Amino acid sequence: MEGDPLYPEGLEYLFGLWGSISAGTSDSFYPIWAHDRAAEKLAFENLMRLFIDHLGRHPSARIYHYAPYEPAALKRLAMRHATMEAELDRLLREKCFVDLYQVARQAIRASTEGYSLKDLEKIYWGKRTGEVTNAGDSIVEYERWRETGEQTILDGIAHYNEDDCVSTARMRDWLESLRPAGAEYGLLGNEPELDAKALERAEARAA
């Protein structure tokens with residue numbers, strides 16, 4: 001997800017997915033854009049329906065992300081727009097979201113400067129291409145798009161977001177390849193309920 005903190009009260013303007021979006025399709029990139037508050041609500045609802053539909057067809061599937069920004073943002077959107085709250089609560093309770101940052105941080109020791117996605121992907125992927133290479137660049141470029149309306153700017157942001165999605169998928173496969181045969185693994189603990197206190201804690205962790 002790409003967010004613009006400079007928009008009044010913030011705007012989640014791009015929801016990027018990588019995977020088999022509908023039955024019978026192969027893995028691909030699927031961007032959902034939202035350039036104002038009304039579009040943000042529709043984009044969030046569209047995203048949640050895609051999740052619910054996919055998990056209905058594949059009950060054992062999981063939604064992979066890196067670091068806590070995405071779940072925190074989804075909770076914020078559900079409360080902001082008063083929509084999809086029950087659906088999101090169900091996904092949280094059923095532990096459908098998997099934070100690969102927590103997995104990597106607790107499971108491996110890497111000879112990289114840090115454990116960010118950009119650091120670790122140098123091991124399993126390689127160097128990115130494109131002018132937008134980090135979240136700060138995407139914010140600057142999106143603000144530039146709001147002033148100019150140049151489609152090439154959005155194309156660059158979409159390329160960056162797609163790289164993030166593909167890298168997360170490759171991260172999942174890489175971590176799975178490192179897991180010793182027969183090693184037990186799973187998720188521990190309970191996901192906070194979708195309430196105001198849980199939201200505050202999630203946002204504090206994401207800050």
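## Reading helix angles

A helix axis here is a line fitted to C-alpha atoms over the stretch in contact, and the angle between two axes runs from 0 to 180 degrees between their N-to-C directions. With that in hand, welcome to this predicted model.

## Helices α6 and α7

Let us start with a pair of helices. Helix α6 covers residues 135–148 and helix α7 covers residues 151–178; their axes lie 9 Å apart and the helices pack at an angle of about 155°. Angles over 145 degrees count as roughly antiparallel, so α6 is roughly antiparallel to α7. The crossing of α6 past α7 is left-handed.

Which residues of α6 and α7 make the contact? From α6 come Ala135, Ser138, Glu141, Tyr142, Arg144, Trp145 and Thr148, while α7 brings Ile153, Leu154, Ile157 and Tyr160.

## A closer look at serine 138

Serine 138 sits in helix α6. Is serine 138 buried or exposed? Its relative accessible area is 1%, and buried means under 20%, so serine 138 is buried.

Setting aside neighbours within four places in sequence, serine 138 is in contact with Glu2, Tyr13, Val132, Ile157 and Tyr160. Ile157 and Tyr160 belong to α7, where they take part in the contact with α6.

## Helices α4 and α7

Helix α7 also meets helix α4, which spans residues 100–107. The axes of α4 and α7 come within 11 Å and cross at roughly 35°, and α4 passes α7 in a left-handed crossing.

On the α4 side, Leu100, Val103 and Ala104 do the meeting; on the α7 side, the partners are Thr168, Met171, Arg172 and Leu175. The contact of α4 with α7 comprises five nonpolar residues, one polar and one charged.

In soluble globular proteins, nonpolar side chains tend to be buried together. In this model, the largest nonpolar core has 25 residues, and Phe51, Leu74, Leu91 and Phe97 are those with the most contacts inside it. At least two core residues come from each of β2 (11–19), α1 (37–57), α2 (69–81) and α3 (85–93). With seven residues, α1 gives the most to this core.

What is phenylalanine 51 in contact with, leaving aside its neighbours within four places in sequence? Its partners are Leu17, Ile63, Leu74, Leu91 and Phe97. Apart from this core lies another one, of twelve residues, including Tyr66, Ile108, Leu120 and Trp174.

Key: Residues are numbered from 1 along each chain as its sequence is written. This is a predicted model: local features need pLDDT of at least 70, side-chain atom pairs count only at pLDDT 80 or more; totals for chains, interfaces and linings use all residues. Side-chain values use heavy atoms; hydrogens and water are left out. A nonpolar core is a set of buried Ala, Val, Leu, Ile, Met, Phe, Trp, Tyr and Cys residues joined through side-chain atoms within 4.5 Å. Buried means under 20% relative accessible area, exposed over 50%, partly exposed in between (1.4 Å probe, protein chains only). Helices (H or I, at least four residues) and strands (E, at least two) are DSSP runs, numbered from the N terminus. Contact means heavy atoms within 4.5 Å. Angles under 35 degrees count as roughly parallel, over 145 as roughly antiparallel, 65 to 115 as roughly perpendicular and the rest as oblique. A crossing is left-handed if the near helix is turned anticlockwise from the far one by less than a right angle, and right-handed if clockwise. Ala, Val, Leu, Ile, Met, Phe, Trp, Tyr, Cys and Pro count as nonpolar, Asp, Glu, Lys and Arg as charged, and the others, Gly among them, as polar.
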